[in-house]
Amino acid sequence: MLEILNLRKAFGNHVVLHEVNLALRPGTIHGLVGANGAGKTTLINCLYGLEKDFTGTIRNTAGYPVREHTGLLPYEPYFYPRLTGREYLEFCLQARGRPIADFAGWNRLLELPLDQFADEYSAGMRKKLALLALLVQNFDYLILDEPFNGLDLEANLLLKEILKRLRDRGTGILLTSHILGALTETADEISVLVGGRIQRHYAAAEFATLERDLLDSLHREKLALLDGLV
Ligand SMILES: Nc1ncnc2c1ncn2[C@@H]1O[C@H](COP(=O)(O)OP(=O)(O)OP(=O)(O)O)[C@@H](O)[C@H]1O
């Protein structure tokens, strides 16, 4: 299990995460929702070791460093210029000391032009390439920051199915999305991050309550303001 205990992260005087606790269990899809600026990407970056200067505990309870068996899909994947999609995949595997895999099987699904330069791909293709680099590596845990963002309808449906199958095979998946349906259709549990605090964890049986709670807070805080504008 990947475990976050009492995570606190500040940028200067701005405390972005306040004593956050979260567990990512094997064989589970854990959704993370929150408004823009709530702290989701910062939480992910701390979990994956991209942010160092925080307090609290982050660990894989199996005793490995978190990154060793965990793959990350960043919010905006970066590709070096003049590297083809295939070279990028080979680079990812070599960086981890893994043998070069056969990408053809997965790429029959994702249909990427692997011999074109990755930095010339469309936004959706870039997202697919970064996903492909994770899928060929069989990680125990996946951390996916907005994986559905930019994907076309077909890739969206495909990704949901892939995630569910990986979960059923034992992979633990932490998933952020601003598309509530994408989370409620795939996740086993959802944590709501508000102003850097976990406001509540919802089990799958409570997802209807989650939608109601989000609507209620929207009605309370924003719809009255809208009445004055339109
Ligand atoms: N490197 C940084 N330096 C200073 N402040 C930062 C830095 N990175 C993030 N922040 C601040 O931390 C807060 C949380 O940002 P974060 O990107 O984690 O939010 P988020 O929930 O992922 O938002 P979004 O849904 O818009 O992607 C914001 O107020 C942001 O301005």
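Two residues are in contact if their C-beta atoms, placed from the backbone, lie within 7 Å. This is a predicted model: local features need pLDDT of at least 70, side-chain atom pairs count only at pLDDT 80 or more, and totals for chains, interfaces and linings use all residues. Numbering starts from 1 along each chain as its sequence is written.

**Exercise 1.** Describe how α2 packs against α4.

Solution. Start with the contacts. G85, Y88, L89 and C92 of α2 meet L129, L132 and A133 of α4. These contact residues divide into 6 nonpolar, 1 polar and no charged. (Ala, Val, Leu, Ile, Met, Phe, Trp, Tyr, Cys and Pro count as nonpolar, Asp, Glu, Lys and Arg as charged, the others, Gly among them, as polar.) Next, the geometry. Helix α2 spans residues 85-95, helix α4 residues 123-135; they pack at about 35 degrees with axes 10 Å apart. (Axes are lines fitted to C-alpha atoms, for helices over the stretch in contact; angles run from 0 to 180 degrees between N-to-C directions.)

**Exercise 2.** Which residues surround the ligand?

Solution. List them: F11, V16, G34, N36, G37, A38, G39, K40, T41 and T42. (Near means a C-beta atom, placed from the backbone, within 6 Å.) Then sort the shell: 3 nonpolar, 6 polar and 1 charged. Helix α1 (residues 40-47) gives the largest share, 3 residues.

**Exercise 3.** Count the helices and strands in the protein, then give its box.

Solution. There are 7 helices and 9 strands. (Both are DSSP runs numbered from the N terminus: helices are H or I, at least four residues; strands are E, at least two.) The C-alpha atoms fill a box of roughly 55 × 45 × 35 Å, taken along the principal axes.
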